[in-house]
Amino acid sequence: MALSIQDASYSYGKAVALKNFSSCFEPGAVTALLGPNGAGKSTLFKLISGLIRRQSGDFSLDGESWTSHSPRIFQKFGFVFQEPALDSMRSGLANLKYAAGLHGLDRPKTKQRIEETTSLMNCSSYVHRDIRTLSGGERRRIEIARALIHKPKWLLLDEPSAGLDINSRAKLSLDLHSLASNKGLGILWCTHVTDELCPQDALVILINGENRYSGSCGSQDEMIRTYNQMVDKHG
Amino acid sequence: MDKLIRPLVVIIEREFARFISQRTRLISAMVRPLFWLIVFAAGFKSTLGIAIQPPYATYVTYDLYVIPGLVGMVCLFNGMQSSLAMVYDREAGAMKVLMTAPLSRRLVLAYKLIGSTLVSVIQSYLFLLIAIGFGVDLPVLGLIQALPAIIISAYVLSLIGLILASHVHGLENFAGVMNFVIFPSFFLSSALYPLWQLRESSESIYWISEMNPFTHLIELIRFGLHGEPFSTNTLIIVAIALFTTSFIHLLFKPDS
């Protein structure tokens, strides 16, 4: 179930955020959308999630195009936003139940999926606690569990490790990569740091709103070198 | 069917959970109209009677007159607070979960409205029961007959709140809007005094109050409480509310 974006452009007034961006993301693997701050990663993420209105471009999933908000297509996506998007007045469990309900899961299915996703994200032990009492890393894990609650085909992450310490980032990266390899989930991972990626990840480098590199690197060093070269050349 | 019903259930659950967990909101929702009833209406009860006018068959005491206005106040405040919660959700990021759910935006907003309406209706009846406890002579049958009017009023006021929420950015701005909406709506209406009395003082204020939708909602509740649950007005308000609901998603821009 490939996710394809063709000729997507977006401007905030006169400021161009995306310029004829095209790429095809393959399912069942991690694709890193790498770029410095202000490269247009979050704009692309918001366009896919329908949080901003499209100005141009064609978005399709497995050949099926969708408009800015398509309930049927959105059933296949799980989103994790850059800024925390949990209801801080409720528990992690309540947040998960809410998301499951929005996706139309009945109570038994909700219970089962909560057990599965919290186990996958290693957050079962604190899911009952109030969001306000959780650390940044714990909240992130609950957000990812929430994004997985309806068994999406694609998980879209906008800088999920922002604000996390090195250990939490490494653990999160490990868990997300194992999700892609064990569950066949497609992951589109917007980030500006390379150390949380794996050498086998597909790489799309976005600089000043343009796709400057698509491919994969054999090693972490090669990935860093490629990224730095692109930033030096086009940044 | 679950795809349509379960989202409605969880959105309503969340509205109630939020209402119950915010104790100050729960208490102030009751204290505010009770303050008017116990202090304001009690002070005027002995000096003010309301002359015979529909729907009343005889002179009525001021506390009985003011009840529909206070029910309207309950719905008005809750409608605005639900919208305030929506602005908060937007700022806190929780709104994104709703906006990326596999539901049409129209349905999401309609569900939010239903949730907010139910909370308003429950608050209204809680207030009416407390008012009876304080000795207001409300007709028992009227409590049942007023239900459609209270539902419609609560829905319309939630709808107005939602329209405001779609245009207001930032919690601090919403507080200003509340002052510019709640107080004029309430005072320039038939909530506290009959409009004919206003007309004797000022023709222009009378006409402003006459055109205030809140006046018509209060009159719906008043007639409902006194045995006339439906009128032509009811149909017009329902039609306008449903028409507006079908377009509200256009006001609620995803980029906002």
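A residue is called buried here if 20 or more other C-beta atoms lie within 10 Å of its own, exposed if 12 or fewer do, and partly exposed in between, with C-beta atoms placed from the backbone. This is a predicted model, in which local features need pLDDT of at least 70 and side-chain atom pairs count only at pLDDT 80 or more, while totals for chains, interfaces and linings use all residues. Residues are numbered from 1 along each chain as its sequence is written, and chains are lettered from A and ligands numbered from 1 in the order in which they are written.

In helix 1 of chain B, the buried residues include Arg6(B), Pro7(B), Val10(B), Ile11(B), Arg14(B), Glu15(B), Arg18(B) and Phe19(B). An α-helix has 3.6 residues a turn, so residues three or four places apart point the same way. Helices are DSSP runs (H or I, at least four residues), numbered from the N terminus.

## Two helices in chain A

Now for some packing. Helix 3 (residues 92–102) and helix 5 (residues 136–148) of chain A pack at about 20°, their axes 9 Å apart; axes are lines fitted to C-alpha atoms over the stretch in contact, and angles run from 0 to 180 degrees between N-to-C directions. Helix 3 of chain A is therefore roughly parallel to helix 5 of chain A (angles under 35 degrees count as roughly parallel, over 145 as roughly antiparallel, 65 to 115 as roughly perpendicular and the rest as oblique).

Gly92(A), Asn95(A), Leu96(A) and Ala99(A) of helix 3 meet Ile142(A), Ala145(A) and Arg146(A) of helix 5 in chain A. Contact means C-beta atoms, placed from the backbone, within 7 Å.

## Two helices in chain B

Helix 7 (residues 147–167) and helix 11 (residues 213–225) of chain B pack at about 160°, with axes 8 Å apart. That makes helix 7 of chain B roughly antiparallel to helix 11 of chain B. Among the residues in this contact are Ile152(B) and Val156(B) of helix 7 and Leu217(B) and Ile221(B) of helix 11.

Thr226(A) sits in helix 7 (residues 220–234) of chain A. Because Thr226(A) has 19 C-beta neighbours inside 10 Å, it counts as partly exposed. Beyond its neighbours within four places in sequence, Thr226(A) is in contact with Tyr213(A) and Cys217(A).

Between the chains, 30 residues of chain A are in contact with 25 residues of chain B. Helix 3 of chain A gives the largest share of chain A's side, five residues.

Conventions. Contact = placed C-beta atoms within 7 Å.
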